[in-house]
Amino acid sequence: MKKNLILAASFAVAIFAAGCDNNTGSDNVTESEATATEATTTAPVVENPNVAGSEGVVASENAPVISFAETSYDFGTVKQGEVVEHTFKFTNTGKSPLIIESATATCGCTVPKSPDMPIAPGETGEIKVNFNSTGKAGMQAPVITVRANTVPNITQVTLKGTVEANNIPTAGADGPVKRN
């Protein structure tokens, strides 16, 4: 029984290996098939124009452009538990309406709120950001990623600052606990 099982498995592997060889028994490859194969194997690498920093990205002269008044806001030093509120103001310096698809942050402690309506050329808009420092300590630099119909379609702004930890005594800090 065991011998038959091993023989059947070996036979299945042999059939699978022979069936996967695309060149077996077929030397009649048409010219269009050969050209298609060469095109897929020698295609040049194309960078994604939707990612900031790509070389050679050329925006349409009619595309919307998001221009922030500031891309980084330093909130200084706050006590742990405080909420920092800041508004990033921007202008559509392009020639067509600016549509913000989303504004997201790197962590749940930072909540951005972006406009729901398109921003006309020459008009201004704002993204309101709340940073909750509860449970945070030390240097903080949450990043807000704005996705819009611009080229590139992703722009980032940041908050930065320091959160001072509250001096909450830890267990045992006042000495040993006496038990009766």
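Here is a quick briefing on confidence, the sheet, the core, one alanine and the cysteines.

This is a predicted model, in which local features need pLDDT of at least 70, side-chain atom pairs count only at pLDDT 80 or more, and totals for chains, interfaces and linings use all residues. Residues are numbered from 1 along each chain as its sequence is written, and side-chain values use heavy atoms, with hydrogens and water left out.

- The chain has a mean pLDDT of 76, with 60% of its residues at 70 or more; pLDDT is the predictor's confidence in each residue, from 0 to 100.
- Helix α2 (residues 31-41) has the lowest mean pLDDT among the chain's elements, at 41, while β8 has the highest, at 98.
- Those element names come from DSSP runs, numbered from the N terminus: helices are H or I with at least four residues, and strands are E with at least two.
- Over residues 12-57 pLDDT stays under 50, and the model has 15 contacts there beyond four places in sequence; a contact means heavy atoms within 4.5 Å.
- Residues 175-180 also stay under 50, with zero contacts beyond four places in sequence.

**The four-stranded sheet**

- Four strands make an open sheet in the order β1-β3-β6-β5, with antiparallel pairing; two strands pair if DSSP finds at least two bridges between them.
- β1 (66-68) and β5 (110-113) sit at the edges with a single partner strand each, so one side of each has no neighbour in the sheet.
- From one strand to the next, the twist averages 30 degrees; the axes behind it are lines fitted to C-alpha atoms (for helices over the stretch in contact), and angles run from 0 to 180 degrees between N-to-C directions.
- Strands β3 (residues 83-92) and β6 (residues 124-132) pair over nine bridges: phenylalanine 90 stands opposite glycine 125 in β6, and valine 83 stands opposite asparagine 132 in β6.
- β1 and β3 pair over three bridges, and isoleucine 66 has asparagine 92 in β3 as its bridge partner.

- Buried means under 20% relative accessible area, exposed means over 50%, and partly exposed is in between (1.4 Å probe, protein chains only).
- The largest nonpolar core has 20 residues, and Phe68 and Phe90 touch the most other members; such a core is a set of buried Ala, Val, Leu, Ile, Met, Phe, Trp, Tyr and Cys residues joined through side-chain atoms within 4.5 Å.
- The elements giving two or more residues to this core are β1, β2 (72-79), β3, β6, β8 and β9 (154-164).

**A look at alanine 148**

- Alanine 148 lies in strand β8 (residues 143-148) and counts as buried because its relative accessibility is 7%.

**The cysteine pair**

- The whole structure has one disulfide, joining cysteine 107 to cysteine 109 with 2.3 Å from S to S; the cut-off is a pair of cysteine sulfur atoms within 2.5 Å.
- Cysteine 107 counts as partly exposed at 26% relative accessibility, whereas cysteine 109 is buried at 11%.
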